[in-house]
Amino acid sequence: MARTVRVMPPAGPVKARRAPSAPLGRVAARIGRAPLRLPNLGDLNAALAPDVRRNFRATLVHWILAGVFVGSVGSYMTVVVRRIGGDEFTVALAVAVQFIGGILAIAGPYLLRGFRPERAVAAVWTVGRLVLVAALFIDEAGPFLVMLLAWSIIAMMGVPLYVGVTQAAFPARLRGRIIGAGQAAMAVVVLLVSPVAGRLMDAVGYGPVFAGGAVAGALGALALFRIRARRRPPIDRPPPWRMFRQTLANRRFRSYTASSTVALFGDLLIQPTIAIVLVDTFDASFTLIGVLALIQSITWAAGYLFWGTVSDRRSGPFVVWMSTMLKLVVAALFIVAIQLDNVWLLVPAYAAIGLNFAAGDVGWQTALASLARPEDVDAFASSFWLILGVLGIAGPLVGAAVLVAGGPVAAFACALGLAAIGSVLMARVARGFVPAEELEREAAANTEDPRLAH
C-alpha cells in the first residue's frame, strides 16, 4: 500500500495560525480528537509533548480519511480491472503501474527540495488522490490503467519525504507507536468502509464509489499541512541518480534492502494471481470480497498497534523479519484453499495478509528512519522506493507469466520459496540491529574530543 506536495502558512504565533480555521477546521479538529477517546490512543496522546501531540493529531485526521480512500479504492483496483474486461496481463499491469511512481519517486526529494517536506507531502497526496475522481468517466481497462499511472506518479513523489517527516516530527522512542496508532485508525475505517463500498459497487458501479473515496482521501491529505516538524539543516541534494549511487555505497542500507526485497518480490508476484483466483476460481462477488477485506482490516488495525509497540521495543528490521514469516503463511493458505476448492479457507489467509501489511508498513518506515541520519533519510527512502518500484513492475508481470504457464498454485509456490529465502536473510539483519543515532552516540562517547559528545 499503501504521499504528497506543499503549501502552508508561515511559522508564527499560534493564534495567527489558528485564525482562519472556520467550519472545516473545526470539523477536522473533531475528527482528529475522536479516536483519542480510545484507551490506547488516549494514553499515547497524553504522553506526548504539546508540539508532538499537535503533529500526532494532524496525522490522525489524515489517516482516518485516508481509510475512506483505501477502503473504497485500494481493496478493489485489480478486481475492477478484471470486471471491466482486463486479461491476466492487464490485471498485472494494474498492479505494476502503481510502482512506476515508485521508480520516479527518487526525483521527489530533488524536485521538491525548495519546500518543507510536510507541505510537499500534503500537496502531492491531495492532488494525486483527486486524479481518481476520473473513475466516474471510465469503463474500459486501458483508460483505467492510465488513471492509475497518473495517480501513482503524482502521489509517490511524496512517499520518500514522509519518512523524513515522521523522523523529524516524532521522537524515536515513541515513533513506532505513533506511526502504528495513526495507521491503525486508518485500518479501522477501512474495516468499516470496505464492505459498504463492495455493496455500493454491486448496486451503482465502481465509478461513484472511487470518486467519493478519492475526495475523502484528498481532504485527509490537507490535514498534513498542520504538521510542524523540526527543521533540518539545508541539504545540497545531488541529482537523483548520483544520490542513488551514493546511497548504495552504504553497507547497512544495502544489507537491509537486499534482504527485505526478496520476500517483497514474492508478495508482488502473486498480486494479479490473487485477483484472478477470486474472480475465476471462486467466482467471488464484490460483496464476498468486501467480507474478506473486512477480515483483513481487523487484523490490519490490530497489527498496526501491535507492530508499532514491537518496533519501539525491538527494531524496525525485526518487524520486517516478522512480515516475511507472514508472507510464508499467506502463500501456503492460498495453495490449500485452491486445492480444496473452498473460498472460506481464505479467511485465515486474509487475516494473515492484514498482519503482514501492518508489519511491512510500520517496519519499513521505522527501519529506514533508524538506519539513516537526518540528512540521509530522504535519500534512503527514495532509493528504497526506486528498487521497490522496479520490483513492483517486474513482479506482477513475472507472476502473470507464471500464472499463464503453470497456474495459480505455481505462482503461490514461487512466492512461498521467495518468502522462505527472505526470512533467512532478514533474520541476519534484524539480529543485533543498532540504530544510526545510537552508533553515533557510541562513537562520540569513545572519542577524546568533548565537542563530539554533545
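1. Phe-318 is buried, at 13% relative accessibility (buried means under 20% relative accessible area, exposed over 50%, and partly exposed in between, with a 1.4 Å probe and protein chains only). Trp-321, at 24% relative accessibility, counts as partly exposed. Both residues belong to helix α17 (residues 316-340), where they are three residues apart and thus separated by about one helical turn. Helices here are DSSP runs of H or I with at least four residues, strands are runs of E with at least two, and both are numbered from the N terminus.

2. The model is predicted, so that local features need a pLDDT of at least 70 and side-chain atom pairs count only at pLDDT 80 or more, while totals for chains, interfaces and linings use all residues. Residues are numbered from 1 along each chain as its sequence is written, and side-chain values use heavy atoms, with hydrogens and water left out.

3. On confidence, the chain averages a pLDDT of 81, and 85% of the residues score at least 70 (pLDDT is the predictor's confidence in each residue, from 0 to 100). The mean is lowest in helix α1 (residues 14-18), at 37, and highest in helix α12 (residues 206-222), at 94. Over residues 1-25 the pLDDT is below 50, and this stretch has 54 contacts in the model beyond near neighbours in sequence (contact means heavy atoms within 4.5 Å). Residues 34-39 also have a pLDDT under 50, and for them the model has nine contacts beyond four places in sequence.

4. How many aromatic pairs does the ring criterion give? The count comes to 17, where rings of Phe, Tyr and Trp (its six-membered ring) pair if their centres lie within 6.5 Å, and planes under 30 degrees apart count as stacked, over 60 as edge-to-face and the rest as tilted. Phe-253 and Phe-380 make a tilted pair, with 5.1 Å between centres and 55 degrees between planes. Because Phe-253 lies in helix α14 (residues 251-269) and Phe-380 in helix α19, this pair ties together parts that are 127 residues apart in sequence. Phe-253 is buried at a relative accessible area of 0%, and Phe-380 is buried at 4%.

5. The rings of Phe-318 and Trp-321 have centres 5.8 Å apart and planes at 80 degrees, so this pair is edge-to-face. Elsewhere, ring pairs link Tyr-256, Trp-364, Phe-384 and Trp-385 into a cluster.

6. The axes of helix α10 (residues 159-169) and helix α19 (residues 377-406) come within 8 Å and cross at roughly 145 degrees. Axes are lines fitted to C-alpha atoms, for helices over the stretch in contact, and angles run from 0 to 180 degrees between N-to-C directions. The crossing of α10 and α19 is right-handed (the near helix is turned clockwise from the far one by less than a right angle; anticlockwise gives left-handed). Among the residues in contact are Val-159, Leu-161 and Gln-167 of α10, and Asp-378, Ala-381 and Trp-385 of α19.

7. Helix α15 (residues 271-281) and helix α20 (residues 408-430) pack at about 145 degrees, with axes 10 Å apart. Their crossing is left-handed. Thr-273, Ile-274 and Val-277 of α15 make the contact with Pro-408, Ala-411 and Phe-412 of α20.

8. Trp-300 lies in helix α16 and is buried, with a relative accessible area of 7%. Leaving aside neighbours within four places in sequence, the contacts of Trp-300 include Val-70, Met-186, Leu-355 and Phe-357. Trp-300 and Tyr-350 are 50 residues apart along the chain, and their C-alpha atoms are separated by 9.6 Å.

9. Ser-315, in the loop between α16 (286-313) and α17, is buried at 8% relative accessible area. Beyond its neighbours within four places in sequence, Ser-315 is in contact with Val-310 and Phe-433. Met-325, found in helix α17, is partly exposed at 37% relative accessibility.

10. Asp-341 lies in the loop between α17 and α18 (346-371) and is exposed, at 55% relative accessible area. The phi of Asp-341 is near 55 degrees, a positive value in a residue other than glycine. Most residues other than glycine have a negative phi.
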